[in-house]
Amino acid sequence: MGRRTLNERIRDRDPDAYAELYDELGKAVYSLAFHALGNRPLAEEVVQLTFVKVWRSAEQLMVDRPLAPWVYTIARRTAIDVHRREARHATVDLDRDIAAVTDTFEDLWEIWEVRTAVDRLPDPERDVVRALHFDGLTMQGIADELGIPVGTVKSRSHRAYRKLATTLSHVRGATA
Amino acid sequence: MNSDDAPDIERIRPWLDAPAVWQEPSDHLRSDVLAALAREATASTVPRRPGAAPRPKARRGLRGWQSGLLVVAAAAAVAIAVVRPWQSDDSPDWTQRLVAGPAGAGLPAALVSGWNEDAGTHLQIDVSGLPLAPEGAFYEIWMTAPDGRHVSAGTFRSGGVIDAWSGVRRGEFPRIRITLEPNDGDAALNGPAVLDTAE
């Protein structure tokens, strides 16, 4: 008998497969949830609920289809459900905050795809891209921070951008 | 950046600038998720209602779940808290009353029902009189040992019936507290107690 695929093992509720699934997509689910809800505890709740729902609906998984879009669909629906639950209990201030994040539901697929892509970068390349886009450092600042030559920072960022541009060629340009 | 890939990068740059792309979950979230799934597996093996039919698909690989994930849950001593993801139909092993702590304005109260599980403790906490956590804060459930050691059993923002799971046992961590914690990324117990075990 051949080696079973991850999809088959997820369908059969193999515990190691769920750990692998978390390692592969857990951060993408978290980023999606954080983008939708803007709140760390709620985002973590979405991650937990998403994986429980995946487990509960494992029989419905079509093993010849890609796994990630299926998990994405469950995660997105879960984030919306949590958003609605919070909205029902919202105070005036929270109403305003929730209204501000509602529009972000349209961006969830892009956030998911970008997070998945950056997670697949080698650590040195991802660290440089993160420092540029999240920490707001300059090339020189990154070089100082990491203790490496500026030329190395530039070459790592160049390689990372090329990979991301290829991996994310299907992602629409952001309007923001 | 070279000019040959500049257009593509400019197209995706706003996505890379989105803070959510770079957010990291808590270190314990992986163990929390696996503990939640172990709980699902356990629930599927122990029918909650007399005569309830087992779910055939859910029984696959259960030995693996229990020997693997439950051990992970116990070893990590981590926990989850989810609002009503499942309902326990069997009687709790114990109950415990929580009363307003020093920061518990408005006299909130809670009744904790507990089940002693192989991998730790399942808590179901019925919270009343506790307002929605302020923006930038959340409530956190703690199980505390007599020597002061404490373990988080999960977080929530609004009252109601909260299901929580901890990898520690009540015998060693008998005191249950709920604190109001700032959402600052610090996983330590820093906030004031709004509910505490009644003496």
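This is a predicted model: local features need pLDDT of at least 70, side-chain atom pairs count only at pLDDT 80 or more; totals for chains, interfaces and linings use all residues.

User: Which residues of helix 2 and helix 3 of chain A make the contact?

Analyst: From helix 2 of chain A, they include A:Tyr18, A:Tyr22, A:Gly26 and A:Tyr30. Helix 3 of chain A puts in A:Leu42, A:Val46, A:Thr50 and A:Trp55, among others. The crossing is right-handed.

User: Is helix 3 of chain A enclosed or open?

Analyst: Largely enclosed by the rest of the structure, because 15 of its 17 residues are buried.

User: And how far apart are its end C-alpha atoms?

Analyst: They are 24 Å apart, which agrees with the 24 Å that 17 residues should span at 1.5 Å a residue.

User: OK, strands now. What pairs with strand 9 of chain B?

Analyst: Strand 2 (residues 94–100) of chain B pairs with strand 9 (residues 193–197) in the antiparallel sense over 3 bridges, with B:Leu98 opposite B:Thr197. Strand 8 (residues 175–182) of chain B also pairs with strand 9 in the antiparallel sense, over 3 bridges. There, B:Arg177 stands opposite B:Asp196.

User: How many residues of strand 7 of chain B are buried?

Analyst: 5 of its 7, so strand 7 (residues 160–166) of chain B is mostly covered.

User: Which residue is the bridge partner of B:Leu123?

Analyst: B:Ala164, in strand 7 of chain B. Strand 4 (residues 120–128) of chain B and strand 7 pair in the antiparallel sense over 7 bridges.

Technical notes
Residues are numbered from 1 along each chain as its sequence is written. Chains are lettered from A and ligands numbered from 1 in the order in which they are written. Two strands pair if DSSP finds at least two bridges between them. Helices (H or I, at least four residues) and strands (E, at least two) are DSSP runs, numbered from the N terminus. The expected span of a helix is 1.5 Å times one less than its number of residues. A residue is buried if 20 or more other C-beta atoms lie within 10 Å of its own, exposed if 12 or fewer, and partly exposed in between; C-beta atoms are placed from the backbone. A crossing is left-handed if the near helix is turned anticlockwise from the far one by less than a right angle, and right-handed if clockwise. Two residues are in contact if their C-beta atoms, placed from the backbone, lie within 7 Å.
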